[in-house]
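Me: Could you walk me through this structure? I'd like to start with the strands and then move on to the side chains.

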Amino acid sequence: MRLTLYAVGNKMPAWVTQGFEEYARRFPRDLSFHLVEIPPGKRSKNADIARILDKEGEQMLAAIPKGNRIVTLEVTGKPWDTPMLAKQLERWQHDGRDVALLVGGPEGLAPACIAASEQKWSLSPLTLPHPMVRIIIAESLYRAWSVNNNHPYHRE
């Protein structure tokens, strides 16, 4: 199975890239984790945010291979603790489809992305910095994998 994080934004600070890659490389070959960056629309004082969101959403959905399970990251999604996420990961693996995790830009996800999602996941009721979210998702999923595989990482 392949996990892919589709995130609006590029040109992240080095610490974000290093943090994400550190966890992504730890995944086993049969459960790979990847990142696809969606270029953000230009935001200015008079920008049409709805149109920018729609365009980002179109790009995001076009990048996802057909048949993927789409999981959106939203403040209003379901909060999963580590054991719950481990169970979700196990269900996804048994389902056999690749999983696309979607993170929006500053204003969130396009309505089309939300409509296409099968599940909505909330990392926190707080608004988190989008660069940091990439690392939190990677670490959380790696921890869930380690729980499922009795790897010592989850006991740290």
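**Sheet, core and side-chain pairs**

Me: Which residue in β2 is the bridge partner of Leu3?

Reply: In β2, Leu3 has Phe33 as its bridge partner, where strands and helices are DSSP runs numbered from the N terminus (strands E, at least two residues; helices H or I, at least four). This is a predicted model, in which local features need pLDDT of at least 70 and side-chain atom pairs count only at pLDDT 80 or more, while totals for chains, interfaces and linings use all residues. Residues are numbered from 1 along each chain as its sequence is written, and side-chain values use heavy atoms, with hydrogens and water left out.

Me: How many bridges join β1 and β2, and in which sense do they pair?

Reply: Strand β1, residues 2-8, pairs with β2 in the parallel sense over seven bridges; two strands count as paired if DSSP finds at least two bridges between them.

Me: And what's the order of the strands in the sheet?

Reply: The sheet is open and has five strands in the order β2-β1-β4-β3-β5, with parallel pairing. Its edge strands, each pairing on one side only, are β2 (32-38) and β5 (119-122).

Me: OK, switching to the core. Which residues touch the most other members of the largest one?

Reply: They are Leu3, Phe33, Trp92, Leu101, Trp121, Ile137 and Leu141, in a core of 29 residues. A nonpolar core here is a set of buried Ala, Val, Leu, Ile, Met, Phe, Trp, Tyr and Cys residues joined through side-chain atoms within 4.5 Å, and buried means under 20% relative accessible area, with exposed over 50% and partly exposed in between (1.4 Å probe, protein chains only).

Me: Which element gives the most to this core?

Reply: Helix α5 does, with eight residues. There is also a second, separate core of eleven residues, which includes Ile38, Leu102, Ala110 and Cys113.

Me: What about Arg143 and Glu139, where do they lie?

Reply: Both are in helix α5, four residues apart, which is about one turn of the helix, and their side chains meet in a salt bridge of 2.9 Å, N to O.

Me: Last one, the rings. Is the pair Tyr142 and Trp145 stacked or edge-to-face?

Reply: Tyr142 and Trp145 are stacked, at 5.6 Å centre to centre with 25° between the planes, whereas Tyr142 and Tyr153 are edge-to-face, at 4.9 Å and 65°. Rings of Phe, Tyr and Trp (its six-membered ring) pair if their centres lie within 6.5 Å, and planes under 30 degrees apart count as stacked, over 60 as edge-to-face and the rest as tilted.

Note on methods. A salt bridge is a side-chain nitrogen of Lys or Arg within 4 Å of a carboxyl oxygen of Asp or Glu.
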